[in-house]
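Please look over the two-chain model below. A short report on its build and packing comes with it.

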Amino acid sequence: MKLPLSTLAGLMSAPALAIIAMGLAPLAVVVVWSFWAWDPSTYWIKPELSFAGYAGILEAGRWTVILSTFAKAFLTAAICLLIGFPTAYAVHFLASRRLAVVLLALMTIPFLTSYLIRSFSWRLVLGRTGVINTLLQDAGLTSAPIDWLLFSDFAVIVGLVASYLPFATFPLILAMQRLDPVAIAAARDLGAGFWTVQRTLILPLTISGVFAGFLFVFVMTLGSSTEVQMLGGAGASIVSVMINDVMRVANYPLAFAISTVVLAVVFGLVLLGNRAFGLSRLFEDRS
Amino acid sequence: MMSRDEPFPRFLVWTITLIGFAAIYAPPLYLLAVSFSPALQPGLPSPGEITLKWYAALAGERALLAALWQSVIIAIGTAVAATVLSLLAALAYREMQARRGAWFLIVILPMFVPGVIQGLALSTLLTRAGIKASALTVMAGHLLWAMPFAFIVILTSFAVVRNSYLMAASDLGASRWRQFRDITLPLISPGLISAFIFSFLLSLNEFTRAFYLAGRQNTLPVVLFGKMNSGASPTIYAMSGAIFLVSVLCVGVIAIRALSERR
């Protein structure tokens, strides 16, 4: 029952064309343009090999923004795993069937809601007159509002975790669904407690899910901008916001150079992750 | 699967789970509650003073409504294109043997491309090509953002299409096209509807790409972003709250229906 090759090519052509025309080609062009020289006479670049954009990354402390982006991504991914692992465990092992369905639905919804609105709503919680400061003052724990809750790195990390938590939880749930319940039951019967089962059985057997979850959150955070724009302090930045700032003065070579560096890291990580544990297997139907 | 864990670990696991869900849902729900308060300062309304006046005031916000209309048009266009293209991509995936992993990766990859870079790349290229920014250019940017999700949803819905059904039809003389139209399509139609709604919502709520690609008429998230940063007003809470609620209800209904059928 093999489909003739021409039909397969026919099916693939339209989606492939869209992906190339709107995704891969523009990105490839940006990578090429990042090596072109700025032409002041046209306010555009000209086809002349130049590393000025890349040199610009090393100026004005821009590389520190790149480093702090990695730090933010690492921290966010780690926190998401710390919350996501127990969540996946609760959904798969502790919840009744009906509750598990509701929890899975609640984990799906955030993918499709507005990251902008969700980040913005944290302002009402963390602000000087926000929920947390009001509660703290009503309880008499502080006399004046705490300032570092909002427009700070703390707020950005909180917003990032809330935004990308489902990206960590889903691969973990999928990994736990592949666990053999008999092995866990056997361990229990032989007297292994909760922590022993976690350490010797569940964690080692779901480690691919742990890596996938970490990678997803890390990569999504690398490309995030709204959380910093909504919740970050005056000087706060992250690579995507830095690209925005650079584009405001139409510094194309620099914007393209930063984009190229980020793209190289993102694609590198995703391809590496794919090689290690095959992303398509995560979604393969197991019926 | 229920387990026999000791009480303390169970308590710990549930507490952390609750913290996670609270982090995702508590702030937007609080924003939604605030939008029903008559006060100008954000705060919870007392039960007696719940009001819809900020929602009524939305009717006078011409800029917001024009942006909403623009966003809806773009979202419908994006959803149609993303659903059709993802269906083709999924059909191709089903027919592939060796290279399907690579094909999956190619379709999924745009999800990981940072929105700012995708928006900047596409908008620079379009400007250079002399194409003016419009609803169409935003759709072009949103298409690849929506496709990975639509593709995964359609691919999962293919699980109910057994190969034996198609083989039986083929034995009875049905052509490939007939098999697709009479067997595959009806079986995966719930998946197609979900993919359409998911793509619609993804486009409606997308901000960073639209920021670069929108023409003279901005989309709703772009207008909201501007207003959020220039002194938020209760009407912004109302619009944000309403959009959030609609998104949650749409996905919630689909997700619960799909998940409970699968078990």
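This is a predicted model: local features need pLDDT of at least 70, side-chain atom pairs count only at pLDDT 80 or more; totals for chains, interfaces and linings use all residues.

Chain A has 14 helices and 2 strands. Its C-alpha trace spans about 75 × 75 × 30 Å along the principal axes. Chain A has 287 residues, and 45% of them count as buried. Take the contacts in chain A between residues at least 6 apart in sequence: 70% of these join residues at least 24 apart.

Chain B holds 11 helices and 0 strands. Read from the N terminus, its elements run α-α-α-α-α-α-α-α-α-α-α. The C-alpha trace of chain B spans about 70 × 65 × 30 Å along its principal axes. Of its 263 residues, 46% count as buried. For contacts in chain B with a separation of 6 or more, 76% come from residues 24 or more positions apart.

## Where the chains touch

The contact between the chains involves 80 residues of chain B and 75 residues of chain A. On the chain B side, helix 1 (residues 7-34) gives the most, with 16 residues. That side of chain B divides by class into 60 nonpolar, 13 polar and 7 charged residues.

One contact point can be followed from A:Phe194. This residue lies in helix 9 (residues 194-205) of chain A. Beyond its neighbours within four places in sequence, A:Phe194 is in contact with B:Asp5, B:Glu6 and B:Pro9. A:Phe194 has 19 C-beta neighbours inside 10 Å, so it counts as partly exposed; burial would take 20 or more. Within chain A, A:Phe194 and A:Ile117 are 77 residues apart along the chain, and their C-alpha atoms are separated by 39 Å.

## A helix pair across the chains

Helix 1 (residues 5-33) of chain A meets helix 6 (residues 135-157) of chain B. Their axes come within 10 Å and cross at roughly 115 degrees. The two helices are therefore roughly perpendicular to each other. Helix 1 of chain A passes helix 6 of chain B in a left-handed crossing.

Helix 1 of chain A brings A:Ala18, A:Ile19, A:Met22 and A:Gly23 to this contact, and helix 6 of chain B brings B:Ala140, B:Leu143 and B:Leu144. By class, the residues of the contact are 6 nonpolar, 1 polar and no charged.

## A helix pair inside chain A

How do helix 3 and helix 10 of chain A cross, and at what angle? The axes of helix 3 (residues 62-94) and helix 10 (residues 207-222) come within 8 Å and cross at roughly 140 degrees. The two helices are therefore oblique to each other. The crossing of helix 3 past helix 10 of chain A is right-handed.

On helix 3 of chain A, the residues in contact include A:Thr69, A:Lys72, A:Phe74, A:Cys80 and A:Gly84. On helix 10 of chain A they include A:Val210, A:Gly213, A:Val217 and A:Leu222. The residues of this contact divide into 10 nonpolar, 5 polar and 1 charged.

## The nonpolar core

Which residues have the most contacts inside the largest nonpolar core? They are A:Cys80, A:Val217, B:Leu143 and B:Ala150, in a core of 162 residues. Of these, A:Cys80 and A:Val217 also take part in the contact of helix 3 with helix 10 of chain A. B:Leu143 also takes part in the contact of helix 1 of chain A with helix 6 of chain B.

Leaving aside its neighbours within four places in sequence, B:Ala150 is in contact with B:Ala82, B:Thr83, B:Ser86, B:Ala195, B:Phe198 and B:Ser199.

## Positive phi in chain A

A:Phe151 is not a glycine, yet its phi is positive, at about 55 degrees. A:Phe151 sits in the loop between helix 6 (131-138) and helix 7 (153-177) of chain A. It counts as partly exposed because it has 19 C-beta neighbours inside 10 Å.

A:Ala250 is also a residue other than glycine with a positive phi, near 55 degrees. Its place is in the loop between helix 12 (239-248) and helix 13 (252-277) of chain A. Is A:Ala250 buried or exposed? A:Ala250 is exposed, because 11 other C-beta atoms lie within 10 Å, and the exposed class covers 12 or fewer.

Methods:
Residues are numbered from 1 along each chain as its sequence is written. Chains are lettered from A and ligands numbered from 1 in the order in which they are written. Axes are lines fitted to C-alpha atoms, for helices over the stretch in contact, and angles run from 0 to 180 degrees between N-to-C directions. Helices (H or I, at least four residues) and strands (E, at least two) are DSSP runs, numbered from the N terminus. Angles under 35 degrees count as roughly parallel, over 145 as roughly antiparallel, 65 to 115 as roughly perpendicular and the rest as oblique. A crossing is left-handed if the near helix is turned anticlockwise from the far one by less than a right angle, and right-handed if clockwise. Two residues are in contact if their C-beta atoms, placed from the backbone, lie within 7 Å. Ala, Val, Leu, Ile, Met, Phe, Trp, Tyr, Cys and Pro count as nonpolar, Asp, Glu, Lys and Arg as charged, and the others, Gly among them, as polar. A nonpolar core is a set of buried Ala, Val, Leu, Ile, Met, Phe, Trp, Tyr and Cys residues joined through C-beta atoms within 7 Å.
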